[in-house]
Amino acid sequence: MAIKEVKTNAELDALFTQLAEPFDTNEIKWRVTHTTRDGDRGAVIAYADPRAYTDRLNQLFTPTGWTRTYEVSTISAVTRMKKDKLIQTGKVLVTCTLTIAWLGSHTGSGEQWADEQNAMTAAEAQAFKRSASCFGLGRYLYNLAEMWVPLNEHRQPFEFPSLPQWALPKTGAPVKNHPASGPHPAAVQRGPIDQRITGKIEGFRRILGDPIYGEILWRVARTQKANAIPNAQLQTNVAEAMERASRGIRKAHSLAESIGDTQFVSVLDRLHIGSMSTIQNLDALKHLVSELEGLAGQPAA
């Protein structure tokens with residue numbers, strides 16, 4: 001009986017060790033939390049997408065070995081300052097209960113201002129990750145101190161900091177992905193690159209703005225810098241994606257001229273877009289173009 005108990009404890013220890021293992025560096029993203037008064041430097045923190053958490057749980061326990069439930073509540077009639085304006089809003093409050101076979105349950109809470117984009121999704125993700133951290137999953141990210149980095153004119157980092165050695169996954173046998181996690185990209189082949197295409201890609205930064213520029217780099221080439229794209233084919237893919245996005249930017253400018261500054265600024269404010277160079281992502285650009293087309297009386301593409 002004692003032998004069985006020791007074996008069980010050893011198995012549980014192994015599971016907790018695997019849960020606490022740092023994520024692959026490709027899963028890590030960075031967020032600017034606050035800046036200096038002049039905006040030249042900002043504090044960034046590291047975080048991982050919720051899908052990295054679900055992938056780890058699927059790998060270790062299979063999709064049937066864990067569950068999560070959410071409880072949602074709201075607070076209304078809350079006043080806050082936003083962009084130097086006093087607005088009436090509310091808050092979305094979410095509690096997530098994460099249950100893992102053999103390990104038990106933990107809860108975590110999340111919240112978001114109701115007027116923010118994707119408020120419910122953000123609050124759910126926060127609650128889920130906090131409940132997962134009680135099992136050790138992603139807990140190490142809370143131990144990373146904020147790091148100060150230089151910012152560009154859009155208050156986005158020129159480059160992101162490197163993670164300390166203890167926050168990197170241990171090298172060893174590769175982890176087998178569960179089929180429920182979906183296909184993962186194969187290892188990227190490195191080869192010759194075309195410096196002319198590198199220059200072309202870097203030229204899109206001014207047109208697209210840093211958020212969309214960075215999103216395309218990461219989506220297509222899994223990198224944060226144009227000169228780190230590993231081969232010419234990926235360079236071409238990135239350049240083509242940026243050209244498509246730039247056509248969307250040009251179309252938005254053209255539509256803005258047709259509807260006038262007053263309506264254009266109203267649309268930007270309603271979509272929480274500070275300027276054309278700070279559009280949050282490609283989905284936000286698509287939404288912007290659709291809104292402008294509606295005002296201009298043109299059918300959506």
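Keep in mind that the model is predicted.

Let's start with the overall layout. The secondary structure comes to eight helices and six strands. Along the sequence, the pattern reads α-β-β-α-β-β-β-α-β-α-α-α-α-α. The protein has 301 residues, and 36% of them count as buried.

On to the sheets. Strands of a sheet pair through backbone hydrogen bonds, either parallel or antiparallel.

For an example, find Trp30: its bridge partner in strand 2 is Ala46.

Now another open sheet, again of three strands, with the order 3-4-5. Here the pairing is antiparallel. Strand 3 (66-82) and strand 5 (104-113) are the edge strands, each pairing on one side only. Neighbouring strands of this sheet are turned by 15 degrees against each other on average, direction ignored. How many bridges join strand 3 to strand 4, residues 85-100? There are 15 bridges, and the two strands run antiparallel. Ser73 is one to look up: its bridge partner in strand 4 is Leu93.

Helix 2, residues 50-61, lies across strand 3 and strand 4. Helix 2 runs at about 165 degrees to strand 3.

Last topic: a helix pair. Two packed helices are described by the angle between their axes and the distance between the axes. Take helix 4, residues 195-208, and helix 6, residues 232-259. They pack at an angle of about 25 degrees, with their axes 10 Å apart. Angles under 35 degrees count as roughly parallel, so helix 4 and helix 6 are roughly parallel to each other. Their crossing is left-handed.

Who makes the contact? From helix 4, the residues include Ile197, Ile201 and Phe204. From helix 6, they include Val238, Met242 and Ile249. By class, this contact has ten nonpolar, four polar and one charged residues. Glu243 of helix 6 is also among the contact residues.

Note on methods
Residues are numbered from 1 along each chain as its sequence is written. This is a predicted model: local features need pLDDT of at least 70, side-chain atom pairs count only at pLDDT 80 or more; totals for chains, interfaces and linings use all residues. Side-chain values use heavy atoms; hydrogens and water are left out. Axes are lines fitted to C-alpha atoms, for helices over the stretch in contact, and angles run from 0 to 180 degrees between N-to-C directions. Helices (H or I, at least four residues) and strands (E, at least two) are DSSP runs, numbered from the N terminus. Angles under 35 degrees count as roughly parallel, over 145 as roughly antiparallel, 65 to 115 as roughly perpendicular and the rest as oblique. A crossing is left-handed if the near helix is turned anticlockwise from the far one by less than a right angle, and right-handed if clockwise. Contact means heavy atoms within 4.5 Å. Ala, Val, Leu, Ile, Met, Phe, Trp, Tyr, Cys and Pro count as nonpolar, Asp, Glu, Lys and Arg as charged, and the others, Gly among them, as polar. Two strands pair if DSSP finds at least two bridges between them. Buried means under 20% relative accessible area, exposed over 50%, partly exposed in between (1.4 Å probe, protein chains only).
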